[in-house]
Amino acid sequence: MKSSPTSSSNQIFYNRIAPFYRLIDCFLRKHKSHLITELNASPSGDLLCMGVGFGKELKALQKHRIVGIDHSEKMLAKAKKYNPNIELVCMKAEQTSFENESFDYIIMAHLLATDNQSEKIITEAKRLLKKDGKLFILNHFTPNNFLRYFDILFSPFSSLFHFQSVFYLASLPLKNTFKIDSNQPIGAWNYYRLLTLSKQND
C-alpha cells in the first residue's frame, strides 16, 4: 500500500472519522449491493474503485482485477484488512498516476458528493478508461420531490461533514465525456441512483 505525500482538509477529515466509518458503511452497503450485481454481470476486466473507503463490498466481486484508491491512509488501512489481495494506493481521484486507458471499469460509490472536484474526477476517469470502458456512479441525487427540502435545509451544515447535500444529477459534467446507458433508482423516493456510463471517445 503506497502513500501520498500530500494532504488536504478532506483527507484529514476522513482520517479522523475512519474509526467510526463502519456505521456509515453499514447504511450504504445495501446500495452498494446493486453495484456489485451489475459488475458481476459484466465481462471480466481491470477495475478501479475510486474512493474505496473500507471496500468491504469488493470481496463479492468474482472475476475482476481490482485496484482501490483513497486519499485517506486510515481508510486504506481498514480496507487492507478486508481485502488483503487487492492493490490499494493512497491517491487523489482527481489526480492519479495511472497510465492512459488502464481500466475497463471505474466505480465511484458515494464519492462525488463528498468532494468538490467532481469535474476533475470525471475527466480523470475518462482518461483512465479504455476505449469501450464503463463508469459506474452510485450516489444520492437531490430529487424533484419532498426530499429536496431536506437537502436544502441541511445544506448550510453539510460542508462541516465534507458533504454536498444538494447534489443534482444535471450538475455532473458529462457533456462530451460520458453517455448515460442506464439510470437506476435505488431505494425509496428515487433518492439514490446507480448510473452506468459509456466513455465518449474523441
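This is a predicted model: local features need pLDDT of at least 70, side-chain atom pairs count only at pLDDT 80 or more; totals for chains, interfaces and linings use all residues.
Colleague: In what order do the elements run from the N terminus on?

Modeller: The order from the N terminus is α-α-β-β-α-β-β-α-β-α-β-β. The protein chain is as compact as a globular protein of that length, because its radius of gyration is 16 Å, close to the 17 Å that the globule rule gives for 202 residues.

Colleague: What does the C-alpha trace span along its principal axes?

Modeller: The span of the C-alpha trace is about 40 × 35 × 30 Å.

Colleague: And what share of the residues is buried?

Modeller: Of the 202 residues in the protein chain, 50% are buried.

Colleague: What part of the contacts with a separation of 6 or more comes from residues 24 or more positions apart?

Modeller: Such residues account for 65% of those contacts in the protein chain.

Colleague: How many salt bridges does a search of the whole structure find?

Modeller: The search finds 10 salt bridges. Side chains of opposite charge can pair when their charged atoms come close.

Colleague: Which residue forms a salt bridge with Asp 46?

Modeller: The partner of Asp 46 is Arg 65, with the closest N and O atoms 2.8 Å apart. Asp 46 lies in strand S1 (residues 46-50) and Arg 65 in strand S2 (residues 65-70), so the pair ties together parts that are 19 residues apart in sequence. Arg 65 is partly exposed, at a relative accessible area of 43%.

Colleague: What about Glu 101; which residue does it pair with in a salt bridge?

Modeller: Glu 101 pairs with Lys 199, and their closest N and O atoms are 3.8 Å apart. Since Glu 101 sits in the loop between strand S3 (87-90) and strand S4 (103-109), while Lys 199 belongs to strand S7 (residues 192-199), the pair ties together parts that are 98 residues apart in sequence.

Colleague: Is Lys 199 buried or exposed?

Modeller: Lys 199 is buried, with a relative accessible area of 10%. Glu 101 counts as partly exposed, at 45% relative accessibility.

Colleague: Which side chain meets Lys 134 in a salt bridge?

Modeller: That side chain belongs to Asp 181, at 2.7 Å from N to O. Lys 134 is in strand S5 (residues 129-140) and Asp 181 in strand S6 (residues 178-186), so this pair ties together parts that are 47 residues apart in sequence. Lys 134 is partly exposed at 25% relative accessibility, and Asp 181 is partly exposed with a relative accessible area of 34%.

Colleague: Which residues are linked in a network of salt bridges?

Modeller: The network links Asp 25, Arg 29, Lys 32 and Glu 57.

Colleague: A change of topic: where does Ser 118 lie?

Modeller: Ser 118 is in helix H4 (residues 118-128).

Colleague: Why does Ser 118 count as buried?

Modeller: Ser 118 counts as buried because its relative accessibility is 16%, and buried means under 20%.

Colleague: Leaving aside neighbours within four places in sequence, which residues are in contact with Ser 118?

Modeller: With those neighbours left aside, Ser 118 is in contact with Leu 112 and Pro 173.

How values were computed
Residues are numbered from 1 along each chain as its sequence is written. Side-chain values use heavy atoms; hydrogens and water are left out. Helices (H or I, at least four residues) and strands (E, at least two) are DSSP runs, numbered from the N terminus. The radius of gyration is taken over C-alpha atoms; the globule rule is 2.2 Å times the number of residues to the power 0.38. Buried means under 20% relative accessible area, exposed over 50%, partly exposed in between (1.4 Å probe, protein chains only). Contact means heavy atoms within 4.5 Å. A salt bridge is a side-chain nitrogen of Lys or Arg within 4 Å of a carboxyl oxygen of Asp or Glu.
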